[in-house]
Structure formats: structure tokens, C-alpha cells
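Hello,

Here is the structure I promised to pass on. My notes on it follow below, with the cut-offs given where each term comes up.

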Protein chains: 2
Amino acid sequence: MAPRGKLIVIGGAVDKGSFTEKNYEKDIEKNFNFFERGILKRVLTESVHKIDSRIEVITTASQVPEEVGNEYLKAFSYLGAKNVGVLGIKTREDANAPEIISRIEKAGIIMFTGGDQLRLTSVLGGTAFHRALLSRYTYDDVVITGTSAGAAACSNNMIYQGSAHEALLKGEVKITSGLGLINNVIFDTHFVHRGRIGRLFQAVVSNPIALGVGLGEDTGLLITDGNKMEAIGSGLVIIVDGRFINDTNITDIELGEPISIEHLVVHVMAMGSLYDLDTNKLKVHKVIKEQIKNAIPD
Amino acid sequence: MAPRGKLIVIGGAVDKGSFTEKNYEKDIEKNFNFFERGILKRVLTESVHKIDSRIEVITTASQVPEEVGNEYLKAFSYLGAKNVGVLGIKTREDANAPEIISRIEKAGIIMFTGGDQLRLTSVLGGTAFHRALLSRYTYDDVVITGTSAGAAACSNNMIYQGSAHEALLKGEVKITSGLGLINNVIFDTHFVHRGRIGRLFQAVVSNPIALGVGLGEDTGLLITDGNKMEAIGSGLVIIVDGRFINDTNITDIELGEPISIEHLVVHVMAMGSLYDLDTNKLKVHKVIKEQIKNAIPD
């Protein structure tokens, strides 16, 4: 059954791991990145109650949860959304607390901030929070969104570490179970600025059932019906399809040795392009300009 | 007609744009990178007279030609090759001087250092030096090799600038004519550490006749008969084949807007893997260990 919820995964902000901006208060118009602002606006417009939606911001991934939480409160407020709470879940005990679950049950938008994705899965995985999240996504018209670590954790397999420079040495890319909102996809983030394509190549060659999805900075995917992906934001989404790999040395070499791969299929998606996870087809969107104009918050 | 010469293109050293190493004299064993040393050894063994070959080092690309020239003298000397000269061609007048051409006519190995590839093409392009180089490569069993800028300049089309971060914005990647030792290929270098795959994607989508070849640091390709490419060195070579692109927005969007591309074919080549430019087939090499051992200079 296709999930009723919508999933919006975001590759992170341009300069930092999280949404954090310098001199945020002082100069909100300039510092609040134009396009990430565009993506947050889209998060609101995709929700049932738009700016009146109840929004819960999950800061579990962050090492500075209060700071990050406050920034999202301000960011949403700037876009007109005032019904926002921060859920600073720090422990598995928190993640099983009935008052937390009750807030998740009532949210129209659930947003995961950046930080360390391994905190998301190790703290939330298998808890009442996690079950409530999956249930809401499956049965309700809710928007679930994550940026950076919050995006990486959405798929069933999750890259949590691995040097970009050594990403094609066997074993360098560390993968574990994600939150499983979507299967057979593996998201990587900060994809353009951190030169991470090798991480995705290694993840895909080790089991081509997983489609590699690299999200650039200020770039996201809106996923509806669990299978239709639309690129949003200013940058690019890279798709790595390993189903046609004919040959590789990955089972022949030892840990730390370089991987060869024959025949990966790669797509590049800019704003408005659509990818269907069932048919594995990309539809290239031709007109960018109009969409950039429409993405500007009023 | 297949060229009789061999071409060895190298992606550059790990830390720097050129071959330069810190405290070179003091600590040659440690500082002289293991694998680039391996590649230089291969340059010698591929030449007819091995360590007795006459080697000419072309420092035209570098802004510190004397320094770089001296380092190559030491590097080759360390490997037992003492018959080495540095050709510090700085102007088009130099590049037409009969004494320079006479040295090119007698060399067994011609090596282009790193620096700025646009210096190589703007100083050497169309000169007597350039004609002599093409003639030697076509008719003689000579080794022509270049690292970094020296590699980028070898193909008929050459990327000379373009931010890695914005490489998939239309027009961001700057391309011009290279030295044309090989056609229908476009080399990019420092490929892994500088996250440059987007540059190659843009180069390839704008005309898929060119095969994109990204050379990692301490990694090279030995090209024989003008069409057989063997990966050498410690890192990876990425091949981007655009012949199967079905759709793109590149002609619909304006300069500075993000490019979408459907269906690039990508291969990853580690040491020993072979790619045939005529058949576009990759042969994955399975055993790495033995080759790593053999690459260590005695």
C-alpha cells in the first residue's frame, strides 16, 4: 500500500551542517538562504493546513538542539507558521514517553533537523516514537521532512560515515539501518559541496537493489505516494542506478582496496524534474525560470 | 592510423596541484608519495630505453617552473634516471626555437608538469613545438606524460576552469581546445579530492561524442595504440559516457541555471582495469594486491 504521507528530504544548507545562519536576527532577509527558504515554504504548502499546520521539530540529531530548535521556530515564524513546537528528544526514554507520542499523533508536519544521523537511529530506532512516525506516514496526510542528517535517516539503509576522498575504498563507507520511511533507496546529503558521489557508488555496488540518491545543498526531493520524486530547491539531485552493473571487483578485493565498477547509470535532476521509483524513469523539466520565481516566499 | 607513442595521463599529487612535496630533500622516502613514485616508475618502464631514456620535463604550465623542474630532476634521479633535462618554455617564441624542437625530436620521454593548462595551450598551441609533439606521438615509440594541468591539456577538448560546487550550472565549466594528442576524450584531474564529477557531466552533456575521464589523485591512465586505457596508481579513474543520454534541459535553460541529465553511464576503474575507447568496454581487473606490491620501486 502506498503511504498517504509526503516525504521531503533536503540536502542541507550551503555553508553549514545544519540550518544555522550567522547574524540570523540582525539580517534575516539576507542570511536566511533564499532557496532553503523556498524549500521550507514548500514544506508548508504541501501540508494540509499550510501555515496553520502544527509543526514538530525534532532536534535529536543535533549537538546544539536548543539553538537549532530556536532557529526553526524563527524560520517558520518568518514564513507565517506560528504553531510550532520543538521536540528535544535526547534519550530512548524520551522517545517512548506518551506525551511525546501524543504530540507526534497530532502534528501536520514533522521535521528532522541536521546533525548526526546515527543519533537519530540509535535514539529513535524501534521506539514508540518510531512506530508512531511510520504509522502516521503510512495512514495520514502528514508531511515528514528532514534536512542533512534528518534526510539521510529517512531511508531503510543509511550512510552514517565515510570520507569523501576515500569513498571508493572497500569498507570505507559505513552503512546501517535507517528509519525506513522509504525502502530500496539510500540518501546522501551535502552532495555537491562535499564531493560525495563515491560514497553512493560504494553503497550501490554493494547491493544494487538500493537506488542511490545524492541531495545537493539547498536542494530536496518531494516524495509522494512513496514513489514519485520531484526535485525542489536551487541545486541538483544525483540518482545512481546500479541495476545494470555488469562487473565489479568488490568481492575480490580486500578492505581498503579500490573498487572498480562497470556500468552505473546516473541521472542529474534539477528543480521540477521527476523520477518515478517504480518505473525508474526520469522526466526532465525544461523551464527553470518560472519555478525559481514561484519559489520566492511572498 | 594508431599512434605509435604511449600517453600517460596522471590526476595530480594528493595534496598539491603539482608534484611539489614539503621537506623533499630532508625526508625523500616519506615525502615522495608512494604511488606517484609508482606511476613515475611506470613512465620509465614503458619507455624504450627505461632509466637510460632521455627525458624532457616541460614546466610551461607552472608558475614556479624552476622549482617544479628541479623536483622532477630529483624524482627521476631517485629512480635511477639521470638523463633528464628541463625545458622551461615560457613564450611562443621559445616554443618555436629550433634548439627546443631538436631536444623534443630526441627525447624518449616528454613530461608535462602541473600548473595552469591554459598556459600550456596558449603558449604551445600551434607552435613548432606542438607540431613536433604530435608528430613524435604519431610516428615514434615515445612516452608522452602529463600530470594535473599536463594531463588535462592532452585531449582535444580541455576543461580549464569551473567551480566544482557550481559545475552543473549551465556555462560554469569553461572548455577550450587542448593539445589534441587524443580525440573525443576530455580529461579532468584532481578528480576525487576536488569533487569534480559535475564538471565532467557538463562537458559530456554538451556534446556526448566526448568521453569524460576523471583522474583521481595519484592515479593515471596508460594509453597505448591511441585507444587502450589501463588504470595505474593508487586511486580511481571515473569514466562518463554520455552516448545514451535520452534527455536534458541544457538547450532550454539560461546560463547559470541548473542542468538536468537523463541516463549517463559511469564506470569506476581501479588499478589494472582496462577500457577500450573503440568498443567502449571496461574490463574490471580483479586482483589488486599483487599489483600494489609490484608498483613499489625497488
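The largest nonpolar core has 50 residues, and A:Phe201 and B:Phe201 have the most contacts inside it. By nonpolar core I mean a set of buried Ala, Val, Leu, Ile, Met, Phe, Trp, Tyr and Cys residues joined through side-chain atoms within 4.5 Å. Buried stands for under 20% relative accessible area, exposed for over 50%, and partly exposed for what lies in between (1.4 Å probe, protein chains only). Two or more residues come from each of α9 (197-206), β12 (236-241) and β14 (261-270) in chain A, and likewise from α8 (197-206), β12 (236-241) and β14 (261-270) in chain B. Helices (H or I, at least four residues) and strands (E, at least two) are DSSP runs, numbered from the N terminus.

Before going further, please keep in mind that this is a predicted model: local features need pLDDT of at least 70 and side-chain atom pairs count only at pLDDT 80 or more, while totals for chains, interfaces and linings use all residues. Side-chain values use heavy atoms, with hydrogens and water left out; residues are numbered from 1 along each chain as its sequence is written, and chains are lettered from A and ligands numbered from 1 in the order in which they are written.

Leaving aside neighbours within four places in sequence, B:Phe201 is in contact (heavy atoms within 4.5 Å) with residues of chain A, including A:Ile197, A:Ile238 and A:Val266, and with residues of chain B, including B:Leu168 and B:Val240. On the chain A side, 9 of the 10 residues of α9(A) are buried, so this helix is largely enclosed by the rest of the structure. Among those buried residues are A:Ile197, A:Arg199, A:Phe201 and A:Gln202.

How are the two chains arranged? A rotation of 180 degrees with 0.0 Å of shift along its axis superposes chain A on chain B, with an RMSD of 0.0 Å (least squares on the C-alpha atoms of residues with pLDDT of at least 70 in both). The two copies are thus related as by a two-fold rotation axis. In chain A, the residue closest to that axis is A:Gly195, at 2.0 Å (C-alpha). The same surface serves both copies, as 100% of the contact residues of chain A recur in chain B.

The contact takes 39 residues from chain A and 39 residues from chain B. Together the chains bury about 3,400 Å², 60% of it on carbon and sulfur atoms; buried area is the accessible area (1.4 Å probe) that two parts lose on being put together, summed over both. Between the chains there are 4 salt bridges, a salt bridge being a side-chain nitrogen of Lys or Arg within 4 Å of a carboxyl oxygen of Asp or Glu. A:Lys286 forms a salt bridge with B:Asp247, with the closest N and O atoms 2.7 Å apart.

Over all chains, the search finds 26 salt bridges. B:Asp188 forms a salt bridge with B:Arg196 at 3.7 Å, and another with B:Arg199 at 2.8 Å, N to O. B:Arg199 lies in helix α8 of chain B and B:Asp188 in strand β8 of chain B, so the pair ties together parts that are 11 residues apart in sequence.

Happy browsing, and best wishes
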